[in-house]
Every structure is written in structure tokens, then in C-alpha cells.
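Trainee: I'd like a close look at one part of this model: how the side chains pack against each other. Please take me through it slowly, with the cut-offs as you go.

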Amino acid sequence: MTEWYTIRGVTFPTSWVSVLIAFTLAGIILWWRYGKKDASVYADHAIFFILVWKFSVIVTDLPLVIKQPLIILFFNGGTVGFYIAIVATCSSIFRQLKKNAFAASQLRTLTMAIILTQSVYQIAMAMQNDGLTWQRWLTVIAFIIWLLIAILNGLNQDVWRKQLIILFSLSHIIIALLQPGGFWQKSLMITFIFSLFVLFVHFLKDNSRKQMEASS
């Protein structure tokens, strides 16, 4: 169950705090592991995701926004806006990857960013919210392991990256099924969608390489 914080009359869910922690720590780790450039690209896409989700309320609740424009400051697009933001972010990432011919370094960073962000988010949520003790510690321990795998392993090989993202997705599904939210958690949907996206990009890259080899 998601808890809420109240600071000086402003109430917000722990999920917001967890997202902020996840984006911040993931960006710091990427900076430390791969340098300022990769961290900056990650930060750009993270901010882009938040802004699209925030302002998607204009699409999801246009009549209300027309009547009360200030609600843009206090509301987001909800679940529909959440998925609009995912699609928009994937499109933005894809354009950048395609521009750089699906560079291995960028695919490495993308894979690591997904694992880092989701792992930190899950750990932060488990630590802040109530639940059965075994469920909370299972989540914390499992995602700490994934966090360490992502940090310690360079993810340099395409085959390893593809296997890793599949294993991460499967483990996230298993953990989610043992939690109150079950399969339809937004965080799991993010993992699922972005994992499919990474595998799709790898497929395009492999297909392009095969075509180049065949023509040479």
C-alpha cells in the first residue's frame, strides 16, 4: 500500500519520492560508471518523461484544463498520461539511437539505466511503505542484487545485455506477483515495455549488421 507524506499542507505519495530518488541515484551511478555525457543524456530523458506525464493532463482532461488552467500545476495525466509519457520517451530514445546507428555504448547505457532506475525505485518503495515483512525484504534483497549486477558488470556484450534484460524482466514479474499490486503495477509495466523496446532495438541492430555483411 502506497503511503503519503504531508509537508506544510502539501500531500504527495511516496511513489513521487521514490521516482526522485531513483532518477537521482541512477544518474549519479551512470556518471560514475560511464561519464558525464551518458549521465546527461539519461537526465534529459528522465526530465522529458516527467514533463510529458505532467502536461499530458492537457490531453486527458482538456475540458477541465480549459475551465481551470491552474490544474496543470497540481495534476498529471494519470494512468493514460503515464503511458503517453512512456511512448513519447521511447520514441525520443529511438530517434537518438537511430541517429547514432544504434551504438553499442548507448545500448549498454540504456540497458543499465533501466535496471538501475527500476531497482532503486523498488528498493525505495519497499523501504517507505507498509507491507508484509517478507515481501518488503524479498523486494529489497532481490533488487539490491540487480543493482550490484548492473554496477559491477560493464554490459559490454550484446548477447549478455539481451540475456540480462530478459532475466531482469522475469525476476521483476515474479517479485510483482508476490506483492499486493500484482502483475498490473505501473513499475512492472515500465520494465516490460522498456525491455521489449531494448530487445526490439537489438533486433534492428542485428538485422542491419547482417544486411551490411551480406552486401559486402
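Mentor: Let's start with the naming: helices (H or I, at least four residues) and strands (E, at least two) are DSSP runs, numbered from the N terminus. By that count, Lys162 sits in helix α8. Before going on, keep in mind that this is a predicted model, where local features need pLDDT of at least 70, side-chain atom pairs count only at pLDDT 80 or more, and totals for chains, interfaces and linings use all residues. Residues are numbered from 1 along each chain as its sequence is written, and side-chain values use heavy atoms, with hydrogens and water left out.

Back to Lys162, then. Its relative accessibility is 22%, so Lys162 counts as partly exposed (buried is under 20% relative accessible area, exposed over 50%, partly exposed in between, using a 1.4 Å probe and protein chains only). Beyond its neighbours within four places in sequence, Lys162 is in contact with Leu199, His202 and Asp206 (contact means heavy atoms within 4.5 Å). Lys162 and Leu199 are 37 residues apart in sequence, yet their C-alphas are 6.5 Å apart.

The axes of α6 (residues 104–128) and α9 (residues 186–215) come within 11 Å and cross at roughly 170° (axes are lines fitted to C-alpha atoms, for helices over the stretch in contact, with angles from 0 to 180 degrees between N-to-C directions). That makes α6 roughly antiparallel to α9 (under 35 degrees is roughly parallel, over 145 roughly antiparallel, 65 to 115 roughly perpendicular, the rest oblique). On the α6 side, residues making the contact include Leu107, Ile114 and Tyr121, while α9 brings in Phe194, Phe197 and His202, among others. By class, the contact has 11 nonpolar, six polar and one charged residues (Ala, Val, Leu, Ile, Met, Phe, Trp, Tyr, Cys and Pro are nonpolar; Asp, Glu, Lys and Arg charged; the others, Gly among them, polar).

Take Leu116: not counting residues up to four places away in sequence, Leu116 touches Ala26, Ile29, Leu30, Leu147, Ala150 and Ile151. Leaving out neighbours within four places, Ser119 contacts Phe143, Trp146, Leu147 and Phe168.

Over in α9 you'll find Ile193, which is partly exposed at 28% relative accessible area. Past its neighbours within four places in sequence, Ile193 is in contact with Tyr83, Ile86 and Cys90.

Tyr83, in turn, belongs to an aromatic cluster with Phe49, Trp53 and Phe82. Nine aromatic pairs occur in the structure (rings of Phe, Tyr and Trp, its six-membered ring, pair if their centres lie within 6.5 Å; planes under 30 degrees apart are stacked, over 60 edge-to-face, the rest tilted). One of them joins Phe23 and Tyr42: the ring centres are 6.3 Å apart and the planes at 70°, so the pair is edge-to-face. Phe23 is in α1 and Tyr42 in α2, and both are buried.
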